[in-house]
Amino acid sequence: MSVATVSTILKRLSAFAIDKANEAWTIVRGAEEEVKRLELNFKALQYELEDAEEKQYLDKRLKHWLDRLKEVCYDMEDLFEDWKIVVQEMQTADHGAKISTTSFLKGKVSFFFSLFSFSEAVKRHDIPTRIKDINEELDQIVKDKKDFKLTKREIIRQTKRPESTSFVDVSKLHGRDEVKEDIIRTFLCGTSEEEGSCIPTISIVGMGGLGKTSVAQLIYNDHRIQTHFHEKIWVCVSDPFDPSKIARAILEALGLGSTISFTTPLQTLLSKIHEKIKEKKFFLVLDDVWIDRGQDWEQLKATFQSHISGSRILVTTRKESVAKHMESSHVFPLGLLSDEICWKILSQKAFIGRNNISCENLEDIGRAIAKKCKGLPLAAINLGGFLQDKLGREEWQNVLDCEIWKLDFAQKYVFTPLLLSYYDLPSAIRPCLLYCAIFPKDEKIDKDELVQRWMAQGYLNSDDNLGIESKGEDYFKYLATRSFFHDFYKDTNGDIIQCKMPDLVHEFVQFLTGYGFVTEEIDEDLTLDLSSKRTRHLRLVFRRCRYFSSVYGADKLRSLVAVSSEYGIKFDILDNLFSQSRHLRLLEFHSWVENFSCDIGKLIHLRYLSFVSCIGIKYLAEAVCELPN
């Protein structure tokens, strides 16, 4: 984030310095030298940031230094926003003063009230003092930079508009034919004696990134499976294990989605499933199961007992204990791929559009890079996408020799190819990828809404002729072509409407964002303390509780997403949170919300307000229409 943000801050300071006669200078009168010092401090940091970002995971001290700078950049962005608000209030006051001149001559005093209002705005935001405080922290950051041997680099990389042919079908799975055939054979050749009273369940087990879901998809779509079973059902379970959510997904797959609602009780959902599959042979896939307690599965399991002989369940999971608790009759461990298969996957994507001579020239280095994938197909796919626009041997050799490969955590969790892909992104696009950490794993992400979220956070600032939404569309395509998104849902024109983020990529962005993006589950009345986490983006999930007693450390929040799966949200208990979070740019609610009556007019930086399935809201406060952004 620091590279893109510092560049944007410098642009704004430079534009500000050009016109010293504008209203903004009036607000900082007497502190002009502090403003100049701000620009000098950021310029002193600008060119080493790219090197610092790439080395931060090799040096904890350097990472701490970058975190300090990140906090200052956040504060600087907030200052710019408040500065802009004061200027707007000043312009309003000036306009009011001009209109009031005639009235003043008639004995009116509105002129003085306009000036008083502006004076109060300047005092309230205290821009000069905040600039001085930021400079003091920046002075120390610039001084501490000398402790690290950082190399100056060019930090601006132009984004190439992706071509429509860049979307590559990577669903063809290499190296898994044998396990696929073994599982299908087990499904189709089982005997009634094997079944007893339980449906035979097969589990595919393996670490993230091995391709468990891809194997399950191949099996699910195989013509033998499609013709053998009366009903085929696919459910992405994920974490946590929510029986109501799973039951609704099953009913939707069975064509009964229109007969249920978000509030339909679990017992009713299970009864409908029981009635629909009764006396039918069905195939159910439960993808990405994390459940560790057998009793959580029991209430769903009992629903399927009225099947006829031949029904089957396929489970994918990272945990062997899940297969045990779900009483799997067969467990298929998914192992790592060979280096040869990883090379086949990597080269399939990296060599798109190249001639044979170019491919042969790069093959020896490419095979060495493929070994770094540690047998993970997702790593090979990502690395192949990363290498697509690396044209010559020197660029490929630089990838092979990169210092990032030395990371212990990267070798353990296979984040290295993702780090390489991440640092190869233009600095302006990196925050857009990181923002996806706010979504839960396996969430369907609406492309247009994602672009709107980026806009709300100020990630799509543009000084060229491209429209800001068009720029967001380009950023999305740029990330999609590099396999940061998958499972695309397209409209009739072939344009992407929705997508998901691969599990490994989701874990990767959560690792990079740390406490900046936090999900808090509220199971009971408690005190929510974010003061030690420096959280900027918060997702609140209300489980068995509709409120919490008090909240601390929410004054820096930029995003708040509040979700309730069952009980709804009492809006008045969030008033305390809103009173602190005056820098909120995004506010989103899911499920029932009662009494939407908070003083939302105080959220002057709010740019995105969304209510999803909030049937309890009958009207919005008039203050919503008065928000300046």
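**A walk through the predicted model**

Let's start with the parts list: the protein's secondary structure comes to 26 helices and 17 strands. Helices here are DSSP runs of H or I with at least four residues, strands are runs of E with at least two, and both are numbered from the N terminus. Keep in mind that this is a predicted model, where local features need pLDDT of at least 70, side-chain atom pairs count only at pLDDT 80 or more, and totals for chains, interfaces and linings use all residues. Residues are numbered from 1 along each chain as its sequence is written, and side-chain values use heavy atoms, with hydrogens and water left out.

Now the overall picture. Of the 629 residues in the protein, 51% are buried; buried means under 20% relative accessible area, exposed means over 50%, and partly exposed is in between (1.4 Å probe, protein chains only). Take the contacts between residues at least 6 apart in sequence, and 68% of them join residues at least 24 apart. A contact means heavy atoms within 4.5 Å.

Next, have a look at helix H3, residues 32–46. Its 15 residues reach 22 Å from the first C-alpha to the last, close to the 21 Å expected at 1.5 Å a residue (the expected span is 1.5 Å times one less than the number of residues). Its buried residues are Glu-34, Val-35, Leu-38, Glu-39, Asn-41, Phe-42, Leu-45 and Gln-46. Seen down the axis of H3, they fall within an arc of 160°, so they line one face of the helix; the arc is that of the directions from the helix axis to the C-beta atoms. The pattern makes sense because an α-helix has 3.6 residues a turn, so residues three or four places apart point the same way. On the face turned away from the buried side, H3 carries the exposed residues Glu-33, Lys-36 and Leu-40.

On to an open sheet of 5 strands, in the order E2-E3-E4-E1-E5, with parallel pairing. Two strands pair if DSSP finds at least two bridges between them. Strands E2 (231–238) and E5 (330–333) stand at the edges with a single partner strand each, so one side of each has no neighbour in the sheet. On average, neighbouring strands are turned by 15° against each other, direction ignored. Helix H10 (residues 212–221) packs on this sheet, touching E1, E2, E3 and E4, and its direction makes about 170° with that of E2. Those axes are lines fitted to C-alpha atoms, for helices over the stretch in contact, and angles run from 0 to 180 degrees between N-to-C directions. E2 and E3 (residues 282–289) run parallel, joined by 7 bridges, and Lys-232 stands opposite Phe-283 in E3.

Pro-200 is buried, at 12% relative accessibility.

Strand E11 (residues 537–542) has 6 of its 6 residues buried, so it is largely enclosed by the rest of the structure. His-537, Arg-539 and Val-541 cover one side, and Leu-538, Leu-540 and Phe-542 the other. E11 pairs in parallel with E9 (residues 517–522) over 6 bridges and with E13 (residues 559–564), also over 6 bridges. Phe-542 stands opposite Ile-522 and Ser-564 in E13.

Finally, the cysteines: a search of the whole structure finds 0 disulfides, a disulfide being a pair of cysteine sulfur atoms within 2.5 Å. The sulfur of Cys-436 is 7.5 Å from the closest cysteine sulfur, in Cys-499, too far for a bond.
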